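Me: I have a protein model open and would like to talk it through with you. Could we start with how far to trust it, and then move on to the details?

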Amino acid sequence: MPEKTNISSTALRIDRNTFETVYNMYWEKVYAVCYNNIREIEPAREMVQDIFKSLWERREELELENVNNYLIRSAKFKTFEYIRNKVSQQKHICLKHEGCSTSSNCTEERVMFNNLKEKVNLLVDTLPCRCREVYKMSREQGLSNKEIASALLITERAVEYHITKALGVLRLNLSNYSS
């Protein structure tokens, strides 16, 4: 079991041992923040995983003054992002259903929509890792290029490149779906 040290009092560089210590000390607290804000077990677990994954991936660039504050702020941001995306999806679904009620071929449209959505998801899963990550942050999470660049520690130009590449793959493979 890792030795409990006061890791929140000085600037901290993350290495394997420090990461394990931070994870063991804070994962429950981070999970509690996520769960208490959204009241959903699996999404809260995924958020905790994403937060610590990001911490590990950014370990060489980060020098944390207060690990507790950083992790809690990250958890609050993740839950806000989740709630914002969920509300946006619900609004979209409501609008779609409103339009559907006046449509005579609602079932057919729904089937076509689900087929298209499945095809898009399969295509997105074939994209290179960074390209897929950028595309999902942009299109599924609704983040701006600047927010994505900041979160992934890449340039906005790189974000634009990945989005353009992803959209090109989708256009090429979905050309038979255009009306």
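Reply: Happy to! This is a predicted model, and the protein averages a pLDDT of 83. Over residues 1-6 the pLDDT is below 50, and this stretch has four contacts in the model beyond near neighbours in sequence. Where pLDDT is low, the predicted coordinates should not be read in detail. As for the share of residues that score at least 70, the value is 86%.

Me: Thanks, that helps. Which pattern does the protein follow when read along the sequence?

Reply: Start with the count of elements: there are seven helices and zero strands. Read from one end of the sequence to the other, that gives α-α-α-α-α-α-α.

Me: What percentage of the contacts with a separation of 6 or more comes from residues 24 or more positions apart?

Reply: Some background on the protein may be welcome here: of its 179 residues, 31% are buried. The protein exposes about 12000 Å², with carbon and sulfur atoms supplying 52% of that area. For contacts with a separation of 6 or more, the part that comes from residues 24 or more positions apart is 60%.

Me: Now the aromatic rings. Is the pair of Phe19 and Trp56 stacked or edge-to-face?

Reply: The structure holds five aromatic pairs. In the pair of Phe19 and Trp56, the ring centres are 5.2 Å apart and the planes make an angle of 65 degrees. Planes over 60 degrees apart count as edge-to-face, so the pair of Phe19 and Trp56 is edge-to-face.

Me: Which helices does that pair link?

Reply: Phe19 and Trp56 are 37 residues apart, so to speak joining distant parts of the chain. Phe19 has 16% relative accessibility and counts as buried, whereas Trp56, at 29%, counts as partly exposed. Phe19 belongs to residues 16-38 and Trp56 to residues 41-57, which are helices α1 and α2.

Me: And Tyr23 with Trp27: what is the angle between the planes?

Reply: Both residues lie in helix α1, four residues apart, which is about one turn of the helix. Tyr23 is partly exposed at 34% relative accessible area, and Trp27 is partly exposed at 33%. Their ring centres are 6.4 Å apart, and the pair is stacked, with an angle between the planes of 15 degrees.

Me: Which residues form the aromatic cluster, and which residue lies over the face of Trp56?

Reply: The cluster is made of Phe19, Tyr23, Trp27, Phe52 and Trp56. Over the face of Trp56, at 3.8 Å from the ring centre, lies Arg59.

Me: Is Thr18 buried or exposed?

Reply: Thr18 is found in helix α1. Not counting residues up to four places away in sequence, Thr18 touches Leu12 and Arg13. Its relative accessible area is 15%, and the cut-off is under 20%, so Thr18 is buried.

Me: One for the backbone: where is Arg39, and what is its phi?

Reply: Arg39 sits in the loop between α1 and α2. At 54% relative accessibility, Arg39 counts as exposed. Although Arg39 is not a glycine, it has a positive phi of about 55 degrees.

Me: Finally, in which loop does Leu153 lie?

Reply: Leu153 is not a glycine either, yet it has a positive phi of about 55 degrees. Its relative accessible area is 41%, which means that Leu153 is partly exposed. As for its place, Leu153 lies in the loop between α6 (145-152) and α7 (156-173).

Terms used:
Residues numbered from 1 in each chain as written. Predicted model: local features only at pLDDT ≥ 70, side-chain atom pairs only at ≥ 80, totals over all residues. Heavy atoms only, no water. Helix = DSSP H or I, 4+ residues; strand = E, 2+ residues; numbered from the N terminus. Buried < 20%, exposed > 50% of the residue type's maximum accessible area, 1.4 Å probe, protein only. Contact = heavy atoms within 4.5 Å. Areas by Shrake-Rupley, 256 points an atom, 1.4 Å probe, with all protein chains shown as cover. pLDDT = per-residue confidence, 0-100. Phe/Tyr/Trp six-rings, centres within 6.5 Å; stacked < 30°, edge-to-face > 60°. Lys NZ or Arg CZ within 6 Å of the ring centre and 35° of its normal.
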